[in-house]
Amino acid sequence: MNGKFTHNQLITPAMHPLSGTIRIPGDKSISHRAVMLGAIAKGTTRIQGFLPGADCLSTIECFQKMGIRIEYADSSSVRSDNSFSPELLVHGQGLHGLKQPDGPLYTGNSGTTTRLISGILAGQDFSCILTGDDSLNRRPMNRIIEPLSQMGASIKSISGNGCAPLGISPGKLHGIRYNSKVASAQVKSAVLLAGLYADSPTEVTEPALSRNHTESMLSGFGADVSSHQNENGSWCASIQPCRELFAQDIQVPGDISSAAYFIAAALLIPGSRLLIKNTGINPTRAGILKICREMGADITCINQHVSAGEPTADLLVNYSPLHGTAIGGSDIPTLIDELPVIAVLAAYAKGTTVISDAAELKVKESNRIDSITRGLQAMGADVIPTDDGMIIHGGKALRGAAIDSFLDHRIAMAFTVAALAAEGETIIQNAQCVDVSYPGFYDEICSLGRNTF
Ligand SMILES: O=C(O)C1=C[C@@H](OP(=O)(O)O)[C@@H](O)[C@H](O)C1
Ligand SMILES: C=C(OP(=O)(O)O)C(=O)O
């Protein structure tokens, strides 16, 4: 992967409780989707609270390369709490307004960019190539190649290994009824986005409900989308062919996946009391709140409201002694990206935590079953990896260690939290990868714990 992720970060144990009020950067999933739908809508979409993380910047660059003008609005500002609040203007050109890029589209480290944009590109009348960094180009793409091909798209893995680079050429799309084996919002979204361009309705069924931001936002932009749960517990989302999408004003809530590190740090460090403002609590994303409460956490949602179709709240988190739990089934998609930091909580909790049904962890930015296990073992935790998760016998005191981030932002941040509650110093290797989803993470967590890093 790119040399820019080479910086190592020293973490010393927290010397003080975490206290105060923080505001988390915008939701990554919603930021991606707002740019994508804005680009293929008619008119100018205004996105407040956009996440300027590396992944979302990859999405912006892809659409700029396809002729879409995207700019920061003058009113982008530094808020009173010193955080930058970017407001983005996306000058959409309509469903058929994208132009052929003059070279490959580079999606960096971002699975969301690659898979969702593939659904849009399948409906264009030009050919292009999608490629990412080393990690991205190892992740499975057959999961989108298969349904998009069934719809009539011409999409292939150029090296024939089921991974990017992907070559996408014009094809005439028709609606399908697709049964996805995995509960994946990226697969569902790729199919629904291609469904905008199909000549008949498209349906995707998934075994459990994955994050539903695409469905909500497509509806807001004027598409005819619906979803329901089947009798066997699976979920079905459908979309009608679409003539035009219309620009929207979108307020992106804070990312609960980023809030997760502050929730966890406050739960682990005695005496902590943290108010995390304006966090998205969409039930398809908020599984971490449920699981933490099951583990004994004191977390209260206050000031609940709906912003641009997304449930949002301030989270008040108090230090809490935790105990182990079982995590699996339909909860997994609602907390998939939080499992690294939940595993850290489990290592500090009394008793045993069993994580199952989470084989998807193996195909993220790193093999997260492996990277979590290795990191926790290096710190002295008792953890046994399994095929679809892990078993953690918690409650041992952890010690600082050298932690390989595997260039995976979630691993770097989860082990930063582990290090704050450990004995001795920890080095997070290649820690700059946090910029993928949370630029400024180290400044924020450092200012709260008043640690000397
Ligand atoms: O659609 C999205 O925005 C995402 C979906 C999830 O991936 P899968 O769809 O592969 O589960 C998640 O892990 C990723 O961080 C973001
Ligand atoms: C898996 C993640 O993202 P993506 O799939 O977009 O790379 C993540 O942010 O943890």
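Visitor: Which residues make up domain 1 and domain 2 of the protein chain?
Guide: This is a predicted model, and its protein chain is divided into two parts. Domain 2 covers 28–251. Domain 1 is written as two segments, 3–25 + 253–449.

Visitor: What separation do the centres of domain 1 and domain 2 have, and how many residues does each give to the contact?
Guide: Taken over C-alpha atoms, the centres of the two domains are 27 Å apart. As for the contact, it takes 22 residues from domain 1 and 24 residues from domain 2.

Visitor: Where does Asp337 sit, and what does UniProt call it?
Guide: Asp337 is in the loop between strand E20 (326–327) and helix H9 (339–348). Asp337 is also one of the residues surrounding ligand 2. The UniProt annotation covering Asp337, from an unreviewed entry, reads "active site".

Visitor: Is Asp337 buried or exposed, and which residues does it touch?
Guide: Leaving out residues up to four places away in sequence, Asp337 touches Ser257 and Arg410. Arg410 is in the shell around ligand 2 as well. For burial, the cut-off is 20 or more other C-beta atoms within 10 Å. Asp337 has 23 of them, so Asp337 is buried.

Visitor: Why does Ala260 count as buried, and which residues does it touch?
Guide: Ala260 is found in helix H7 (residues 256–268). It counts as buried because it has 28 C-beta neighbours inside 10 Å. Setting aside residues up to four places away in sequence, Ala260 touches Ile288, Glu338 and Val341.

Visitor: How many residues apart in sequence are Ala260 and Ala286, and what is their C-alpha to C-alpha distance?
Guide: Along the chain, Ala260 and Ala286 are 26 residues apart. In space, C-alpha to C-alpha, the value is 9.8 Å.

Visitor: How many residues of helix H5 are buried?
Guide: H5 runs over residues 185–195 and is mostly covered. Its buried residues include Gln186, Lys188 and Leu192.

Note on methods. Residues are numbered from 1 along each chain as its sequence is written. Chains are lettered from A and ligands numbered from 1 in the order in which they are written. This is a predicted model: local features need pLDDT of at least 70, side-chain atom pairs count only at pLDDT 80 or more; totals for chains, interfaces and linings use all residues. Domain bounds come from an automatic or database domain assignment. Two residues are in contact if their C-beta atoms, placed from the backbone, lie within 7 Å. UniProt positions are given in the numbering used here, feature names are shortened, and annotations may be inferred rather than shown by experiment. Helices (H or I, at least four residues) and strands (E, at least two) are DSSP runs, numbered from the N terminus. A residue is buried if 20 or more other C-beta atoms lie within 10 Å of its own, exposed if 12 or fewer, and partly exposed in between; C-beta atoms are placed from the backbone. A residue is near a molecule or strand if its C-beta atom, placed from the backbone, lies within 6 Å of it.
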